[in-house]
Amino acid sequence: MAKRRKRRPREKPATVDYVDDDGNTLTLRQSLSPATIAKIGERPGGEATSLDDAWRRRSELLFERLAVRWEIAGLPLTDQRMLLGRYRMADSETQRWVRETIDRHLERHIPELA
């Protein structure tokens, strides 16, 4: 019988914390894999995709790939589904803050996506 290989534990990605005016903390990965960068850089498929749809999907995809943790009013969220759901439920001002924060983060850490 063949021996099973033990998987090496994954290293935790380097992260950066960003704090909004209310004291909420958004933690973003400092880097992404080349395959993820290529996927985010792809043009949306389909002729029915509007410019707004493509922009919204890219914003959510960036958030989904970069967000590691989001502490809101002392409640930390780390589950990817919960993070994305909270982002979608957020008011327009909060979503704007997250998008602007991600834009600044990309310029500083992942310029090929900025």
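This is a predicted model: local features need pLDDT of at least 70, side-chain atom pairs count only at pLDDT 80 or more; totals for chains, interfaces and linings use all residues.

User: Great. How many helices and strands does the protein have?

Analyst: There are four helices and four strands. Starting at the N terminus, the elements follow the order β-β-α-α-β-β-α-α.

User: And what does the C-alpha trace span along its principal axes?

Analyst: The C-alpha trace spans about 55 × 45 × 25 Å. The protein has 114 residues, and 32% of them count as buried.

User: What share of the contacts comes from residues 24 or more positions apart?

Analyst: Counting contacts with a separation of 6 or more, 57% are between residues 24 or more positions apart.

User: Let's zoom in on H4. How many residues does H4 have?

Analyst: H4 has 18 residues. From its first C-alpha to its last it reaches 25 Å, close to the 26 Å expected at 1.5 Å a residue.

User: Which residues of H4 are buried?

Analyst: In H4, the buried ones are Gln95, Trp97, Val98, Thr101, Ile102, His105 and Leu106.

User: Why do they line one face of the helix?

Analyst: Look down the axis of H4: the buried residues fall within an arc of 170°, so they line one face. On the face turned away from that buried side you'll find the exposed residues Ser92, Glu107 and Arg108.

User: Nice, I can picture that. What covers the buried residues of H4?

Analyst: The cover includes strand S1 (15-19), S2, H2, S3 and H3.

User: You mentioned H2 there. What is its length like?

Analyst: H2 takes in residues 51-66, which makes 16 residues. Its reach from first to last C-alpha is 22 Å, close to the 22 Å expected at 1.5 Å a residue.

User: Which of its residues are buried, and what covers them?

Analyst: The buried residues of H2 are Ala54, Ser59, Glu60, Leu61, Leu62, Phe63 and Leu66. Their cover includes strand S2 (25-29), helix H1 (34-41), strand S3 (67-72), helix H3 (80-89) and helix H4 (92-109).

User: Changing topic: which residues line the second largest pocket?

Analyst: Its lining is made up of Arg10, Glu11, Lys12, Pro13, Arg29 and Val68. By type, that is four charged, two nonpolar and no polar residues.

User: And how much space lies in that pocket?

Analyst: About 250 Å³.

How values were computed:
Residues are numbered from 1 along each chain as its sequence is written. Side-chain values use heavy atoms; hydrogens and water are left out. Helices (H or I, at least four residues) and strands (E, at least two) are DSSP runs, numbered from the N terminus. The expected span of a helix is 1.5 Å times one less than its number of residues. Buried means under 20% relative accessible area, exposed over 50%, partly exposed in between (1.4 Å probe, protein chains only). Contact means heavy atoms within 4.5 Å. The arc is that of the directions from the helix axis to the C-beta atoms. On a 1 Å grid over the protein atoms alone, a cavity is a set of points where a 1.4 Å probe fits but cannot get out, and a pocket is an open set with protein on both sides within 12 Å along at least five of seven lines; lining residues have an atom within 4 Å of a point. Grid points are joined across faces, edges and corners, and a volume is the space filled by probe spheres set on the points. Ala, Val, Leu, Ile, Met, Phe, Trp, Tyr, Cys and Pro count as nonpolar, Asp, Glu, Lys and Arg as charged, and the others, Gly among them, as polar.
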